[in-house]
Structures are given as C-alpha cells and as structure tokens.
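Thanks, everyone. I have one model to go through this morning, and I will keep to the geometry.

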Amino acid sequence: MRILMLGNSYTFTNDLPAMLEQLTGAEVTAHTRGGARLAEQRNPNTQMGAKTLAALEQETWDYVVLQEMSNAPITSREKFQNNVSALCEKIRAAGAEPVLYATWAYQEGGKQLASFGMPYEEMYRALTDSYREAAERNRALIAEVGTAFYEQSRTVNLYAPDGSHPNAEGSRLAAQVIAQTILNHRKEGDHAG
C-alpha cells in the first residue's frame, strides 16, 4: 500500500509520516512545507504543486491524505472547499482514494487561540463542519483527528508549547486516527461485493 500525504507542519511535525508507516505497513511519502495550503499543492506554478501533480500523474497511490493550513477551513472556507474538490478529482483520476486529515482547534486557553479570537468550542465546531462538508461533497474519507483532540485534550496534553502544533502524543493520536480510517476502508473494501 502506498500513501501520499499533502500538508504542512501539522503533517511533518514529530515525523507523523513514519508513525503512519508503522501503523499501516504502507510506504508513506509526504509533500509538506510549513504553512503550505492545499491551493499550493494543486498549483503547477509552485515547486510543491509541480511535485505533487507529477506524483499524482506518474506514480501509483492507494490513498492521498489532504491537510489544510490550520485555520483556513474557517477563514477561507470557500477556497478550501474548491481546493479539496479539485484535488479529489485529480486523486480519483490517479486511481487513489482521498482522505481528509481534519485537524484541531488551537489549544483551549492558549495564546494562539486568543490571538485567533474565537472560543475553543466554536473553532472546533467550525473546523469540523468545514471538513465534514468537504468530505461529503467529494465522497472522501475523513480522519476525524480534530474530534479526537477535542475529546482527549482536556485529560491528555496533545499540544506543543505554541498551542497550535501537536506534541509527540498529539502526532501519535493523529497517526492512529488516520491509520484507522485507512485500515477500516481497506477492510470494508475486502468485504464489498
């Protein structure tokens, strides 16, 4: 099994791709850059976009994981939806299954959340709604990492000191949720028809 991960620091921090490899037994390739947005991944005029589009056209993948910049599904919702749709189309044309890596709200009580100016619960709900809409619209799988963070972050520290990025435990949780989403889909595929 081959997995391509398209994202930014939420994807590469703590070597999440290696964690995903261990959990799935897949070969995982990551196209990431700090602050990268999905718009860049589909733009042939950017270095990242050229690399990603070539990988989708010239290589074989089973799953392609999409992760948007932390607050963009809220602050640029329409662009996020359009970029997910365009990428899902390319991913399916390449014979792969798209997986949305739905991320988390900034840490409750943290400086990042305070500067964003939205209550924790509201940010969690807005991110979740936007990712779920994109998944439904594009019949894509969704790895509900943000929900797992929401459910566990009050009892387990999942955040790095900046209140935005995951610490090692947070990346491990993200890898587990993504792996489970993919493995469940593969298992269902074995029983289909």
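Predicted model: local features only at pLDDT ≥ 70, side-chain atom pairs only at ≥ 80, totals over all residues.

Let me start with how the helices pack. Two packed helices are described by the angle between their axes and by the distance between those axes. I will give both for two pairs that share helix 8.

The pair to begin with is helix 8, residues 120-138, and helix 9, residues 145-152; their axes come within 9 Å and cross at roughly 155 degrees. Angles over 145 degrees count as roughly antiparallel, so helix 8 is roughly antiparallel to helix 9. The handedness of this crossing is left-handed. Which residues make the contact? From helix 8 they are Y120, E121, Y124, R125, T128 and R132, and from helix 9 they are G146, T147, F149 and Y150. Sorted by class, that contact of helix 8 with helix 9 has four nonpolar, three polar and three charged residues.

Staying with helix 9 for a moment: is this helix enclosed or open? Six of its eight residues are buried, so helix 9 is largely enclosed by the rest of the structure. The buried ones are V145, G146, T147, A148, F149 and Y150.

Now the other pair. Helix 6, residues 77-93, packs with helix 8 at an angle of about 35 degrees, and the axes are 10 Å apart. This crossing of helix 6 and helix 8 is right-handed. On the helix 6 side the contact uses R77, F80, Q81, V84, S85, C88 and R92. On the helix 8 side it uses A126, D129, S130, Y131, E133, A134, R137 and N138. By class, the contact of helix 6 with helix 8 has six nonpolar, four polar and five charged residues.

Next, the core. How many residues does the largest nonpolar core have? It has 58, and the residues with the most contacts inside it are I3, V64, L66, Y101, V145 and I178. Helix 8 gives the most to this core, with eight residues. V145 is also one of the buried residues of helix 9. As for V64, once its neighbours within four places in sequence are set aside, V64 is in contact with L4, L6, L56, I91, A96, E97, P98 and V99.

Now some single residues. S164 lies in the loop between helix 9 and helix 10, the latter being 168-191. Is S164 buried or exposed? Its relative accessible area is 5%, and the cut-off for buried is under 20%, so S164 is buried. Apart from neighbours within four places in sequence, S164 is in contact with Y10, W104, Y106, Q112 and Y159.

K111 is in helix 7, residues 111-116. At 75% relative accessibility, K111 counts as exposed. K111 and S164 are 53 residues apart in sequence and 9.1 Å apart in space, C-alpha to C-alpha. For S164 and P17, the figures are 147 residues in sequence and 19 Å in space, again C-alpha to C-alpha.

Last, the backbone. D15 has phi near 50 degrees, a positive value in a residue other than glycine. D15 sits in the loop between helix 1 (9-12) and helix 2 (16-24), and at 46% relative accessibility D15 counts as partly exposed. R139 also has a positive phi, about 50 degrees, and is not a glycine. R139 is in the loop between helix 8 and strand 5 (141-143), and at 62% relative accessibility R139 counts as exposed.

That is what I have.

Conventions: Residues numbered from 1 in each chain as written. Heavy atoms only, no water. Axes fitted to C-alpha atoms, helices over the stretch in contact; angles between N-to-C directions. Helix = DSSP H or I, 4+ residues; strand = E, 2+ residues; numbered from the N terminus. Parallel < 35°, antiparallel > 145°, perpendicular 65-115°, else oblique. Left-handed = near helix turned anticlockwise from the far one by under 90°. Contact = heavy atoms within 4.5 Å. Nonpolar A, V, L, I, M, F, W, Y, C, P; charged D, E, K, R; others polar. Core = buried A, V, L, I, M, F, W, Y, C linked by side-chain atoms within 4.5 Å. Buried < 20%, exposed > 50% of the residue type's maximum accessible area, 1.4 Å probe, protein only.
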